Amino acid sequence: MRTRIDVEFVGDRDGTAAFTWGQRGIWDAMATNRQTWNLSYVVELADVRADVDSVVDAIGRLLVRHESLRTVVRVAEGSPLQVVVRSGSLPVLTVTSGAAEARDTAMTLRRELVEPPFDHGTELPVRINLVEVDGVVWHAVFVYSHVAVDFGAAQVIHEDLRHVLATGSFPGEAGLQPLDLARREASAGAAVTSRAVRYWTEQLRRIPPTTLSSSGPLHDPPVQEGVLMSTALRAAAKRVAARHGTTASTAVLAACAMILGRWTGHSVVALNMPVGNRFKEEHRRLTTNLVQHGLFVLDLPPGGTLDDIVPLAVKSAMRAYRYAYYDQTALDRARAEIDAERGEQINPLCCFQNLDNVFDEPDALDGLPDGDIAEKLVDSQFAWGVEDAPSRCHFCLKVGPWRGEDQAVRLTANTAYLPPDRIGGFLRELEGVLVSSAVPPRS
């Protein structure tokens, strides 16, 4: 049975401001790629033992607390504005389910909600459905517009939901809101942007126009995704990372750049990297999209081993993070000037993503003996995935969860630049480079 409930809310204020830098970046990217990039989550609530009325009340309180959830978009003179509405309602669908099929019901609702694009001019940027079993809400399905929320913001919202259901109150004050951030960026962001633009222009003048070159015709489908589920790869990445005092994902990033250098012949390898921009304390619990692109540029030493490259990759990654917070419009102007100066578009069109930071979390793979790492190579499995929203990137390497697997490394590629056999080959070479570096050869 499906029941619709309109969740009413009355907030403390309304207001209009320019987009934040992160909002503008994703808005422009969506327009360029003609994609929505909606974010979807299933929040487990069975252990909280809350009924529908309690969860509906908590959702209303979330809408009051987080202004990003009651924001629509208005375009004025070609520029998007965020408009926070003071009051309104959000339709929430409650679905009654049996215990055995509750999870499947939640996943079905997730697929239904995530597909349609948001009408940003009239629709609030969140959709919520609930799955009820014997009077208790087991799952809350959230789908967000990426313009309003990133992964970090979604985690804050879900933590707030569970906290208010368990204790009756939120964990502290809401803190900075997107309207406030936009006004700060407009008034005090010039110096931050200037430093970022200087870094980007210096790098864009010296990197290859694009990291990969077209190697043949498009295959069917044109964008394909290979997935390598390898405990050996992740254990080896952790071993290499521990040796250099960094993270497993950074070790994978270094190996990725090393292999791209081999395959392309470039001595300078560039990758786009989504950066969360939650380094400042005031940004930690801010519920907006703070993600912007960082530019990772690595000079590969001739004949360098992975142990030579990892420290360089750490420094390059830190520079990418440091200069990934900027006024998107100002950077776009600077990039257009570099493109004109060099006579072509300069964009790696290759990216590296660390999804949810799960790949770096401590677990039983830390300190795994050499023999165990090598033995786990036989258990690694390659599969073809389905890329839900292929971008214009030629190459995108992602580390992190995939269909319940924490060890997954995924490579999505435009097949004109990386044909299917090379997709699998790249992932296997990545595994081999990391394992051979982590486990010394036997004499």
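Start by selecting helix α12: P420, I423, G424, F426, L427, L430, E431, V433, L434, V435, S437 and A438 are buried there. Buried means under 20% relative accessible area, exposed means over 50%, and partly exposed is in between, using a 1.4 Å probe and protein chains only. Helices (H or I, at least four residues) and strands (E, at least two) are DSSP runs, numbered from the N terminus.

A word on what is on your screen: this is a predicted model, in which local features need pLDDT of at least 70 and side-chain atom pairs count only at pLDDT 80 or more, while totals for chains, interfaces and linings use all residues. Residues are numbered from 1 along each chain as its sequence is written, and side-chain values use heavy atoms, with hydrogens and water left out.

**Stop 1**

Keep α12 selected and check its length. Its 19 residues reach 28 Å from the first C-alpha to the last, close to the 27 Å expected at 1.5 Å a residue; the expected span is 1.5 Å times one less than the number of residues.

Now pick L434. Leaving aside neighbours within four places in sequence, L434 is in contact with L233, A236, A237, V240, A251, V252, A255 and L306. Contact here means heavy atoms within 4.5 Å.

Next, select V252, F296, L306, F395, L397, L430 and L434, which touch the most other members of the largest nonpolar core, a set of 54 residues. A nonpolar core is a set of buried Ala, Val, Leu, Ile, Met, Phe, Trp, Tyr and Cys residues joined through side-chain atoms within 4.5 Å. Helix α8 supplies the largest share of this core, eleven residues. For a second, separate core, of 37 residues, select L69, V137, F142 and A154, which are among its members.

**Stop 2: aromatic rings**

How many aromatic pairs does a search of the whole structure find? There are ten. Rings of Phe, Tyr and Trp (its six-membered ring) pair if their centres lie within 6.5 Å; planes under 30 degrees apart count as stacked, over 60 as edge-to-face and the rest as tilted.

Show W263 and F426. Their pair is edge-to-face, with 5.2 Å centre to centre and 80 degrees between the planes. W263 lies in helix α8 (residues 248–264) and F426 in helix α12 (residues 420–438), so the pair ties together parts that are 163 residues apart in sequence. W263 is partly exposed, with a relative accessible area of 22%, whereas F426 is buried at 0%.

Move on to F382 and W384, another edge-to-face pair, at 5.0 Å centre to centre and 85 degrees between the planes. F382 is partly exposed at 29% relative accessibility, and W384 is partly exposed at 43%. Then select Y41, F142 and Y144 together: they form one aromatic cluster.

Two arginines are next. R127 lies over the face of F118, at 3.8 Å from the ring centre, and R234 lies over the face of F359, at 5.6 Å from the ring centre. A charge sits over a ring if NZ of Lys or CZ of Arg is within 6 Å of the ring centre and within 35 degrees of the ring normal.

**Stop 3: buried residues in loops**

Select S97, in the loop between β6 (87–96) and α3 (102–114). S97 is buried, with a relative accessible area of 11%. Its side chain is joined to that of T105 by a polar contact of 3.4 Å. A polar contact is a pair of N or O atoms within 3.5 Å; within protein, one must be able to donate a hydrogen and the other to accept it, and residues adjacent in sequence count only if both atoms are side-chain atoms.

Then go to F170, in the loop between α4 (151–167) and α5 (178–188). F170 is buried, at 17%.

**Stop 4: backbone details**

Is D134 buried or exposed? D134 is exposed, with a relative accessible area of 76%. This residue lies in the loop between β7 (126–133) and β8 (136–144), and its phi is near 50 degrees, a positive value in a residue other than glycine.

N277 has a positive phi too, about 55 degrees, although it is not a glycine. N277 lies in the loop between β10 (268–275) and β11, and is buried at 6%.

Finish at the peptide bond from D220 to P221, which is cis, with omega near 0 degrees. P221 lies in the loop between α6 (190–204) and β9 (223–229).
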